[in-house]
Amino acid sequence: MLVEYNNTEVVNGQAIALEREANINNPDFQSEADVISSVTANVKGKIVYRMIKRAFDVVASLLGLIILAPLFLVVAILIKKEDGGPVFFVQERTGLNNKPFKMYKFRTMCENAAEMHKFLLEQNELDGPAFKMKHDPRITHIGKVLRKTSIDELPQLLNILKGEMSVVGPRPLPVYETDQMTPFQMTRHLVKPGLTCYWQVMGRTEVPFEEWMELDQKYLQKRSVATDIGLIVMTFRALSAGDGAY
């Protein structure tokens with residue numbers, strides 16, 4: 001789903017306005033320092049919300065792993081059948097308070113994908129440090145299906161159960177990508193990374209990097225139980241449409 005950022009997007013009844021150019025003379029204008037201060041204060045508060053969020057994460061991830069176990073088995077067989085390589089892809093991502101953690105995914109690329117990465121950098125289709133390529137030659141046949149349906153992300157339920165991630169939160173990026181971020185962008189790591197977020201439901205790879213970071217900032221400022229529920233509902237709708245997934 002594409003978003004017209006000059007207008008207002010309503011998520012769970014909340015208006016999310018993202019202006020491409022802020023007027024510094026506007027009395028409502030917030031500098032990056034103001035936003036960082038506001039976000040930091042918000043993150044330190046809401047103790048009850050954090051307790052509810054963690055309880056939900058544990059229950060949801062545990063139930064998800066149990067219910068989806070047959071699907072995991074089928075996917076594992078299909079991945080092994082295609083090229084005989086490992087079922088899971090494990091990569092260091094930046095987590096809470098900039099602490100690296102090992103994130104799990106079903107493997108969707110060939111085994112030498114890391115070596116091929118440096119030869120594809122010039123074909124990056126995003127405008128920031130994150131790398132995305134619509135017709136990435138490293139993606140396997142089964143990998144294309146897993147990415148389109150986002151099934152490849154389901155092993156992160158284990159990361160959620162372990163407390164490294166949450167169901168809702170900014171998507172975790174590889175450590176080598178976050179090393180290139182500005183201090184303003186790094187505030188996204190004041191909370192646990194998530195399985196879904198505003199970026200996930202608003203076009204994903206079709207969203208420019210700077211606006212992706214703005215969406216993360218909006219989540220940090222507006223996060224609540226109601227916001228999380230709204231994003232979970234919107235995620236199912238986005239997955240059924242398959243927008244921006246590759």
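Tutor: Glu-153 and Arg-171 are both buried, where buried stands for under 20% relative accessible area, exposed for over 50% and partly exposed for what lies in between (1.4 Å probe, protein chains only). The model is predicted, and for this reason local features need a pLDDT of at least 70 and side-chain atom pairs count only at pLDDT 80 or more, while totals for chains, interfaces and linings use all residues. Residues are numbered from 1 along each chain as its sequence is written, and side-chain values use heavy atoms, with hydrogens and water left out.

The side chains of Glu-153 and Arg-171 meet in a salt bridge, at 3.0 Å from N to O; the term is used for a side-chain nitrogen of Lys or Arg within 4 Å of a carboxyl oxygen of Asp or Glu. Glu-153 sits in the loop between helix 5 (141-149) and helix 6 (156-161), and Arg-171 in the loop between strand 5 (166-168) and helix 7 (175-178), so their pairing ties together parts that are 18 residues apart in sequence. Helices (H or I, at least four residues) and strands (E, at least two) are DSSP runs, numbered from the N terminus. Through shared partners, salt bridges join Glu-153 and Arg-171 with Lys-105 and Asp-152 into one network.

Over the whole structure, a search finds eight salt bridges. One of them joins Lys-53 and Asp-228, at 2.9 Å from N to O, and because Lys-53 lies in helix 2 (residues 47-67) and Asp-228 in helix 11 (residues 225-241), the pair ties together parts that are 175 residues apart in sequence. Both ends are buried, Lys-53 at 15% relative accessibility and Asp-228 with a relative accessible area of 8%. Another salt bridge links Arg-138 to Asp-136, with the closest N and O atoms 2.7 Å apart; here too the partners are buried, Arg-138 at 6% and Asp-136 at 7%.

Turning to the rings, a search of the whole structure finds five aromatic pairs, where rings of Phe, Tyr and Trp (its six-membered ring) pair if their centres lie within 6.5 Å, and planes under 30 degrees apart count as stacked, over 60 as edge-to-face and the rest as tilted. Trp-199 and Trp-212 have ring centres 4.2 Å apart and planes at 10 degrees, which means that this pair is stacked. Since Trp-199 lies in helix 9 (residues 198-201) and Trp-212 in helix 10, the two tie together parts that are 13 residues apart in sequence. Trp-199 is buried, with a relative accessible area of 6%, and Trp-212 counts as buried at 2% relative accessibility.

Trp-212 also pairs with Phe-209, in an edge-to-face arrangement with 5.8 Å from centre to centre and 70 degrees between the planes. Phe-209 and Trp-212 are three residues apart in helix 10, and therefore separated by about one helical turn. Phe-209 is buried at 1% relative accessibility, and the other buried residues of helix 10 include Met-213, Leu-215 and Tyr-219. Apart from these pairs, Phe-72, Phe-88 and Phe-106 form one aromatic cluster.
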